Amino acid sequence: MDTQANMNETAAAQTLDAHKMIVRNAKVYYGDNEALHGIDLDIPERQVTALIGPSGCGKSTFLRCLNRMNDTIDGCRVTGDIRLDGEDIYDPNVDVVQVRARVGMVFQKPNPFPKSIYDNIAYGPRIHGLAKDRTELDEIVMTSLERAGLLGEVKDRLSSPGTGLSGGQQQRLCIARAIAVSPEVILMDEPCSALDPIATAKIEELIDEIKENYTIVIVTHSMQQAARVSQKTAFFHLGDLVEVNDTETMFTNPSDERTQGYITGRFG
Ligand SMILES: Nc1ncnc2c1ncn2[C@@H]1O[C@H](COP(=O)(O)OP(=O)(O)OP(=O)(O)O)[C@@H](O)[C@H]1O
(Lines give C-alpha, C1' and ligand atoms only; values in the text may rest on other atoms or scores of the structure.)
Protein backbone atom coordinates (compact mmCIF):
# COMPACT_ATOMS: atom_id res chain seq x y z
CA MET A 1 0.00 0.00 0.00
CA ASP A 2 1.41 3.43 -0.86
CA THR A 3 2.07 5.99 1.84
CA GLN A 4 -0.92 8.18 0.97
CA ALA A 5 -3.34 5.24 1.06
CA ASN A 6 -1.74 4.18 4.28
CA MET A 7 -2.25 7.61 5.79
CA ASN A 8 -5.84 7.78 4.55
CA GLU A 9 -6.51 4.54 6.32
CA THR A 10 -4.72 5.84 9.40
CA ALA A 11 -6.74 9.07 9.31
CA ALA A 12 -9.96 7.06 9.14
CA ALA A 13 -8.88 4.99 12.13
CA GLN A 14 -8.01 8.20 13.95
CA THR A 15 -11.56 9.51 13.56
CA LEU A 16 -13.03 6.24 14.79
CA ASP A 17 -10.72 5.83 17.75
CA ALA A 18 -10.34 9.53 18.67
CA HIS A 19 -6.58 9.52 18.43
CA LYS A 20 -5.27 13.04 18.75
CA MET A 21 -1.85 12.21 17.36
CA ILE A 22 -0.68 9.39 15.14
CA VAL A 23 2.99 8.57 14.74
CA ARG A 24 4.28 6.22 12.06
CA ASN A 25 7.85 5.05 11.56
CA ALA A 26 9.40 7.97 13.46
CA LYS A 27 13.18 7.87 13.39
CA VAL A 28 15.45 10.40 15.02
CA TYR A 29 19.12 10.89 14.26
CA TYR A 30 21.68 12.86 16.22
CA GLY A 31 24.30 13.26 13.50
CA ASP A 32 24.86 9.69 12.25
CA ASN A 33 23.50 8.07 15.38
CA GLU A 34 19.96 6.70 14.98
CA ALA A 35 18.44 7.24 18.46
CA LEU A 36 14.88 6.15 17.60
CA HIS A 37 14.41 3.24 15.22
CA GLY A 38 10.97 3.72 13.69
CA ILE A 39 8.28 4.33 16.29
CA ASP A 40 4.56 3.77 15.68
CA LEU A 41 2.23 5.13 18.34
CA ASP A 42 -1.37 6.34 18.49
CA ILE A 43 -2.01 8.93 21.17
CA PRO A 44 -5.58 8.88 22.47
CA GLU A 45 -7.42 12.15 22.83
CA ARG A 46 -8.12 13.51 26.33
CA GLN A 47 -6.24 10.72 28.02
CA VAL A 48 -2.83 10.47 29.61
CA THR A 49 -0.19 8.44 27.78
CA ALA A 50 2.90 7.58 29.82
CA LEU A 51 6.29 6.90 28.22
CA ILE A 52 8.52 4.69 30.36
CA GLY A 53 11.84 2.93 29.93
CA PRO A 54 15.45 2.92 31.12
CA SER A 55 17.65 5.98 30.89
CA GLY A 56 18.77 6.79 27.35
CA CYS A 57 16.10 4.67 25.63
CA GLY A 58 14.71 7.69 23.75
CA LYS A 59 11.64 8.82 25.71
CA SER A 60 12.53 12.52 25.70
CA THR A 61 13.68 12.32 22.10
CA PHE A 62 10.31 10.86 21.15
CA LEU A 63 8.40 13.45 23.19
CA ARG A 64 10.23 16.24 21.38
CA CYS A 65 9.12 14.79 18.03
CA LEU A 66 5.54 15.60 18.96
CA ASN A 67 5.96 19.37 18.89
CA ARG A 68 9.05 19.67 16.73
CA MET A 69 11.27 20.62 19.63
CA ASN A 70 13.96 18.39 18.10
CA ASP A 71 14.21 21.04 15.36
CA THR A 72 15.93 23.26 17.93
CA ILE A 73 18.77 20.75 18.49
CA ASP A 74 21.76 21.10 16.17
CA GLY A 75 22.40 18.00 14.09
CA CYS A 76 19.09 16.38 15.03
CA ARG A 77 16.95 15.02 12.19
CA VAL A 78 13.47 13.48 12.34
CA THR A 79 11.91 11.27 9.65
CA GLY A 80 8.56 9.48 9.49
CA ASP A 81 4.99 10.64 9.69
CA ILE A 82 3.66 12.52 12.72
CA ARG A 83 0.09 13.80 12.59
CA LEU A 84 -1.97 16.06 14.79
CA ASP A 85 -5.69 15.75 13.98
CA GLY A 86 -4.61 14.15 10.70
CA GLU A 87 -2.29 17.02 9.75
CA ASP A 88 1.39 16.29 9.11
CA ILE A 89 3.18 18.57 11.61
CA TYR A 90 6.43 18.27 9.62
CA ASP A 91 4.86 19.51 6.38
CA PRO A 92 6.99 22.42 5.11
CA ASN A 93 3.86 24.61 4.94
CA VAL A 94 3.06 24.10 8.61
CA ASP A 95 3.85 27.00 10.96
CA VAL A 96 6.04 25.53 13.70
CA VAL A 97 5.06 28.31 16.13
CA GLN A 98 1.43 27.22 15.76
CA VAL A 99 2.39 23.56 16.25
CA ARG A 100 4.09 24.46 19.54
CA ALA A 101 1.06 26.51 20.61
CA ARG A 102 -1.21 23.53 19.92
CA VAL A 103 1.23 21.08 21.51
CA GLY A 104 2.60 22.71 24.65
CA MET A 105 5.41 21.45 26.83
CA VAL A 106 6.29 21.32 30.51
CA PHE A 107 9.89 20.49 31.39
CA GLN A 108 11.63 18.50 34.09
CA LYS A 109 12.88 21.51 35.99
CA PRO A 110 10.33 24.29 36.57
CA ASN A 111 11.48 27.16 34.37
CA PRO A 112 9.38 30.27 35.02
CA PHE A 113 10.45 33.39 33.15
CA PRO A 114 12.16 36.03 35.31
CA LYS A 115 8.90 37.99 35.32
CA SER A 116 5.89 38.41 37.55
CA ILE A 117 3.43 35.57 38.08
CA TYR A 118 0.92 37.51 35.95
CA ASP A 119 3.37 38.10 33.11
CA ASN A 120 4.51 34.48 33.09
CA ILE A 121 0.97 33.50 32.13
CA ALA A 122 0.18 36.54 29.97
CA TYR A 123 3.31 36.16 27.84
CA GLY A 124 2.00 33.46 25.48
CA PRO A 125 -1.49 34.94 24.98
CA ARG A 126 0.16 38.33 24.24
CA ILE A 127 2.50 37.01 21.55
CA HIS A 128 -0.24 34.91 19.99
CA GLY A 129 -2.72 37.82 20.11
CA LEU A 130 -5.28 35.79 22.06
CA ALA A 131 -6.74 38.69 24.07
CA LYS A 132 -8.23 41.83 22.55
CA ASP A 133 -7.87 43.92 25.70
CA ARG A 134 -6.66 43.87 29.28
CA THR A 135 -9.94 42.47 30.60
CA GLU A 136 -9.67 39.45 28.33
CA LEU A 137 -6.02 38.98 29.22
CA ASP A 138 -6.86 39.13 32.94
CA GLU A 139 -9.48 36.49 32.36
CA ILE A 140 -7.06 34.16 30.58
CA VAL A 141 -4.50 34.60 33.37
CA MET A 142 -7.07 33.90 36.10
CA THR A 143 -8.61 30.91 34.33
CA SER A 144 -5.19 29.38 33.61
CA LEU A 145 -4.07 29.77 37.23
CA GLU A 146 -7.36 28.33 38.41
CA ARG A 147 -7.09 25.32 36.11
CA ALA A 148 -3.53 24.71 37.27
CA GLY A 149 -4.76 24.71 40.87
CA LEU A 150 -2.62 27.71 41.77
CA LEU A 151 -5.00 30.68 41.87
CA GLY A 152 -5.86 30.40 45.57
CA GLU A 153 -2.17 30.47 46.51
CA VAL A 154 -1.11 33.41 44.33
CA LYS A 155 -4.12 35.64 43.69
CA ASP A 156 -2.90 38.28 46.15
CA ARG A 157 0.59 38.47 44.70
CA LEU A 158 0.24 38.33 40.95
CA SER A 159 2.91 40.99 40.51
CA SER A 160 5.51 39.07 42.54
CA PRO A 161 8.23 37.20 40.65
CA GLY A 162 7.32 33.69 39.47
CA THR A 163 10.76 32.54 40.53
CA GLY A 164 9.86 33.34 44.19
CA LEU A 165 7.35 30.49 44.35
CA SER A 166 8.16 27.04 45.76
CA GLY A 167 9.31 24.37 43.31
CA GLY A 168 5.89 22.72 43.18
CA GLN A 169 4.16 26.07 42.74
CA GLN A 170 6.62 26.99 39.99
CA GLN A 171 5.80 23.76 38.16
CA ARG A 172 2.06 24.53 38.45
CA LEU A 173 2.86 28.02 37.16
CA CYS A 174 4.56 26.41 34.16
CA ILE A 175 1.49 24.23 33.62
CA ALA A 176 -0.71 27.36 33.85
CA ARG A 177 1.59 29.04 31.32
CA ALA A 178 1.21 26.08 28.97
CA ILE A 179 -2.58 26.09 29.40
CA ALA A 180 -2.84 29.86 28.75
CA VAL A 181 -2.36 29.50 24.99
CA SER A 182 -5.18 26.93 24.80
CA PRO A 183 -3.09 23.95 23.70
CA GLU A 184 -4.74 20.72 22.64
CA VAL A 185 -1.87 18.49 23.72
CA ILE A 186 0.46 18.97 26.69
CA LEU A 187 3.82 17.16 26.74
CA MET A 188 5.41 16.69 30.15
CA ASP A 189 9.02 15.57 30.46
CA GLU A 190 9.46 14.15 33.97
CA PRO A 191 7.51 17.08 35.45
CA CYS A 192 7.82 15.87 39.05
CA SER A 193 11.44 14.74 39.17
CA ALA A 194 12.53 17.94 40.96
CA LEU A 195 9.59 17.92 43.40
CA ASP A 196 8.93 16.49 46.84
CA PRO A 197 6.17 13.88 47.34
CA ILE A 198 3.52 16.42 48.36
CA ALA A 199 4.17 18.70 45.39
CA THR A 200 4.28 15.57 43.19
CA ALA A 201 0.88 14.44 44.47
CA LYS A 202 -0.56 17.87 43.63
CA ILE A 203 0.78 17.74 40.07
CA GLU A 204 -0.59 14.22 39.65
CA GLU A 205 -4.03 15.36 40.86
CA LEU A 206 -3.82 18.25 38.46
CA ILE A 207 -2.92 15.96 35.55
CA ASP A 208 -5.92 13.82 36.42
CA GLU A 209 -8.22 16.85 36.39
CA ILE A 210 -6.96 18.54 33.24
CA LYS A 211 -6.99 15.40 31.12
CA GLU A 212 -10.72 16.08 30.63
CA ASN A 213 -9.69 19.01 28.44
CA TYR A 214 -6.27 18.12 27.11
CA THR A 215 -4.41 15.21 25.62
CA ILE A 216 -1.38 14.56 27.80
CA VAL A 217 1.85 12.68 27.11
CA ILE A 218 4.14 12.28 30.10
CA VAL A 219 7.66 10.89 30.39
CA THR A 220 8.26 9.42 33.80
CA HIS A 221 10.87 7.32 35.57
CA SER A 222 8.36 6.40 38.21
CA MET A 223 6.31 3.34 37.40
CA GLN A 224 4.02 4.19 40.30
CA GLN A 225 3.41 7.56 38.72
CA ALA A 226 2.71 6.02 35.31
CA ALA A 227 0.28 3.60 36.96
CA ARG A 228 -1.42 6.39 38.91
CA VAL A 229 -1.86 9.01 36.19
CA SER A 230 -1.99 7.32 32.79
CA GLN A 231 -4.52 5.30 30.87
CA LYS A 232 -2.05 4.11 28.25
CA THR A 233 1.62 3.23 28.71
CA ALA A 234 4.38 2.84 26.14
CA PHE A 235 7.62 1.07 27.07
CA PHE A 236 10.76 2.15 25.22
CA HIS A 237 14.04 0.24 25.16
CA LEU A 238 17.23 1.10 23.26
CA GLY A 239 15.42 3.34 20.78
CA ASP A 240 12.54 0.94 20.11
CA LEU A 241 8.96 1.01 21.29
CA VAL A 242 8.77 -2.48 22.75
CA GLU A 243 5.21 -2.54 23.98
CA VAL A 244 2.21 -0.28 24.27
CA ASN A 245 -0.95 -1.13 26.10
CA ASP A 246 -3.59 0.17 28.43
CA THR A 247 -1.80 0.97 31.67
CA GLU A 248 -3.45 -1.66 33.81
CA THR A 249 -2.55 -4.47 31.41
CA MET A 250 0.96 -3.12 31.04
CA PHE A 251 1.61 -3.33 34.77
CA THR A 252 -0.26 -6.54 35.50
CA ASN A 253 0.25 -8.62 32.41
CA PRO A 254 2.97 -7.27 30.10
CA SER A 255 3.48 -9.31 26.95
CA ASP A 256 7.20 -8.70 26.34
CA GLU A 257 9.79 -10.04 28.70
CA ARG A 258 11.80 -6.81 28.47
CA THR A 259 8.77 -4.91 29.80
CA GLN A 260 8.37 -7.50 32.52
CA GLY A 261 12.05 -7.14 33.41
CA TYR A 262 11.81 -3.37 33.61
CA ILE A 263 8.62 -3.09 35.61
CA THR A 264 9.75 -5.69 38.10
CA GLY A 265 13.02 -3.82 38.56
CA ARG A 266 15.29 -6.44 37.00
CA PHE A 267 16.97 -3.78 34.86
CA GLY A 268 16.88 -0.07 34.17
N1 LIG B 1 21.17 16.53 22.09
C2 LIG B 1 21.62 15.29 21.86
N3 LIG B 1 22.72 15.10 21.10
C4 LIG B 1 23.19 13.85 20.84
N5 LIG B 1 22.61 12.70 21.31
C6 LIG B 1 21.53 12.84 22.08
C7 LIG B 1 20.96 14.13 22.39
N8 LIG B 1 19.87 13.94 23.16
C9 LIG B 1 19.76 12.60 23.32
N10 LIG B 1 20.74 11.94 22.68
C11 LIG B 1 20.95 10.49 22.63
O12 LIG B 1 19.74 9.87 22.22
C13 LIG B 1 19.47 8.71 22.99
C14 LIG B 1 18.12 8.86 23.67
O15 LIG B 1 18.21 9.91 24.64
P16 LIG B 1 16.94 10.49 25.40
O17 LIG B 1 17.40 11.64 26.23
O18 LIG B 1 15.84 10.70 24.44
O19 LIG B 1 16.57 9.25 26.34
P20 LIG B 1 15.61 9.19 27.61
O21 LIG B 1 14.96 7.86 27.56
O22 LIG B 1 14.74 10.38 27.65
O23 LIG B 1 16.68 9.25 28.79
P24 LIG B 1 16.53 9.77 30.30
O25 LIG B 1 15.49 8.89 30.93
O26 LIG B 1 17.89 9.55 30.89
O27 LIG B 1 16.13 11.20 30.25
C28 LIG B 1 20.63 8.57 23.96
O29 LIG B 1 21.55 7.65 23.40
C30 LIG B 1 21.23 9.95 24.02
O31 LIG B 1 22.59 9.91 24.28
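Colleague: Let's start with the overall picture. How many helices and strands are there in the protein?

Modeller: Keep in mind that this is a predicted model. The protein has 11 helices and 10 strands. Along the principal axes, its C-alpha atoms fill a box of roughly 55 × 45 × 40 Å.

Colleague: What does the radius of gyration say about a protein with 268 residues?

Modeller: You set it against what a compact globule would give. For 268 residues that would be near 18 Å, and the protein has 19 Å, so the value agrees. As for burial, 41% of the 268 residues are buried. Contacts are worth a look too: of those between residues at least 6 apart in sequence, 69% join residues at least 24 apart.

Colleague: On to sheets. How do strands of a sheet pair?

Modeller: Strands pair through backbone hydrogen bonds, and they do it either parallel or antiparallel. Here you can see both senses. Four strands make an open sheet with antiparallel pairing, in the order S2-S1-S4-S5. Its edge strands are S2 (33-44) and S5 (87-88), each of which pairs on one side only. Within that sheet, S1 (residues 19-30) and S2 run antiparallel and are joined by nine bridges.

Colleague: Which way do the residues of strand S6 point, and are they buried or exposed?

Modeller: Check the two directions separately. In S6 (residues 103-106), Val103 and Met105 point one way, while Gly104 and Val106 point the other way; all are buried.

Colleague: Last one: which residues surround the ligand?

Modeller: Read the shell as a list, then sort it. Among the surrounding residues are Tyr30, Ala35, Lys59, Ser60, Thr61 and Ile73. The shell divides into four nonpolar residues, six polar and one charged. Helix H2 (residues 59-65) gives the largest share, three residues.

Definitions and conventions
Residues are numbered from 1 along each chain as its sequence is written. This is a predicted model: local features need pLDDT of at least 70, side-chain atom pairs count only at pLDDT 80 or more; totals for chains, interfaces and linings use all residues. A residue is buried if 20 or more other C-beta atoms lie within 10 Å of its own, exposed if 12 or fewer, and partly exposed in between; C-beta atoms are placed from the backbone. Helices (H or I, at least four residues) and strands (E, at least two) are DSSP runs, numbered from the N terminus. Two strands pair if DSSP finds at least two bridges between them. The radius of gyration is taken over C-alpha atoms; the globule rule is 2.2 Å times the number of residues to the power 0.38. Two residues are in contact if their C-beta atoms, placed from the backbone, lie within 7 Å. A residue is near a molecule or strand if its C-beta atom, placed from the backbone, lies within 6 Å of it. Ala, Val, Leu, Ile, Met, Phe, Trp, Tyr, Cys and Pro count as nonpolar, Asp, Glu, Lys and Arg as charged, and the others, Gly among them, as polar.
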